[in-house]
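Here is a short note to read beside the model. Please keep the structure open while going through the points.

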Amino acid sequence: MAVRHQVLNSVSIKPIRRLNVSDQVFDQMKSLILSGNWVSGTRLPSENNLASLFGVSRITIRQGIHRLVALGLAQTQPGEGTYICTLSHRQSISSLVPIAYLNDDNMLSVLEFRKAIESYTAELAAKKADADDIEKLEMTFTEMELNKGSLEEYSEADYCFHYELAVISRNSLIVECYNLIEDLLRTAMRNIVEKRGHSQGLYYHRLIIDKIISKDTEGCRLLMTRHIDDTYADMITRMGEHPVEALYE
């Protein structure tokens with residue numbers, strides 16, 4: 001048990017250059033685990049420490065950790081931290097998700113899936129959120145605002161906002177669903193942000209936080225629905241088809 005409380009040393013970490021930053025961080029962390037430099041059962045340093053060691057933002061580190069968890073290479077224990085674990089069946093499940101090529105039609109499918117899941121997730125978040133949850137959402141929203149000029153950093157913060165809502169829902173199946181297809185969701189979100197910019201995301205996320213603060217479950221669900229509907233309609237328009245007001249009314 002003593003091993004579980006050792007903090008990993010940083011001797012093998014290399015500073016990251018600003019080309020595909022999140023992928024570089026994830027690939028290096030994964031390599032450190034698979035090569036045995038980061039041993040099963042040991043605890044990862046804090047997000048702040050890792051961000052300093054890699055020379056990147058905390059949001060990038062958080063994304064890397066989420067991807068490690070999705071692959072079954074790490075496990076987060078509330079109140080204790082994130083630990084390296086042995087390989088699991090989740091690796092093979094994650095490998096079934098096609099992320100190498102994501103065209104516009106597939107992005108529409110992702111949005112349809114997100115609407116089915118995220119509208120109710122937002123409702124649950126408004127019902128269950130406590131002060132700490134709201135603080136995390138506010139921090140993630142601030143990171144979005146601060147990174148409006150960076151597609152990479154902004155899209156990562158955007159994804160983190162939606163992932164935090166899943167965590168706040170306190171529904172383990174919703175969180176597990178996010179973990180299993182995280183790369184697909186992140187890739188789709190990055191592509192959409194690249195096409196649409198940041199203004200709509202900031203607009204809706206601010207309103208969603210306000211609805212969560214006021215415990216307006218119905219309003220929160222409707223806002224998330226409208227958020228995804230607007231994105232869907234805009235994507236349809238950009239594909240050269242007739243715009244639609246919403247998927248469902």
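Predicted model: local features only at pLDDT ≥ 70, side-chain atom pairs only at ≥ 80, totals over all residues.

1. Residues are numbered from 1 along each chain as its sequence is written, and side-chain values use heavy atoms, with hydrogens and water left out.

2. The protein has 11 helices and 2 strands. These are DSSP runs, numbered from the N terminus (helices H or I, at least four residues; strands E, at least two). The order along the sequence is α-α-α-β-β-α-α-α-α-α-α-α-α.

3. Of the 249 residues, 48% count as buried (under 20% relative accessible area; exposed is over 50%, partly exposed in between; 1.4 Å probe, protein chains only). Among contacts (heavy atoms within 4.5 Å) with a separation of 6 or more, 72% link residues 24 or more positions apart.

4. Helix H6 (residues 131-146) packs with helix H10 (residues 199-213) at about 165 degrees, axes 11 Å apart. Axes are lines fitted to C-alpha atoms over the stretch in contact, and angles run from 0 to 180 degrees between N-to-C directions. The pair is therefore roughly antiparallel (over 145 degrees).

5. On the H6 side, the contact includes Ile134, Leu137 and Phe141; on the H10 side, it includes Leu202, His205 and Ile209.

6. The structure holds 0 disulfides (cysteine sulfur pairs within 2.5 Å). Cys177 is partly exposed because its relative accessibility is 24%. Cys220, at 0%, is buried.

Key: Parallel < 35°, antiparallel > 145°, perpendicular 65-115°, else oblique.
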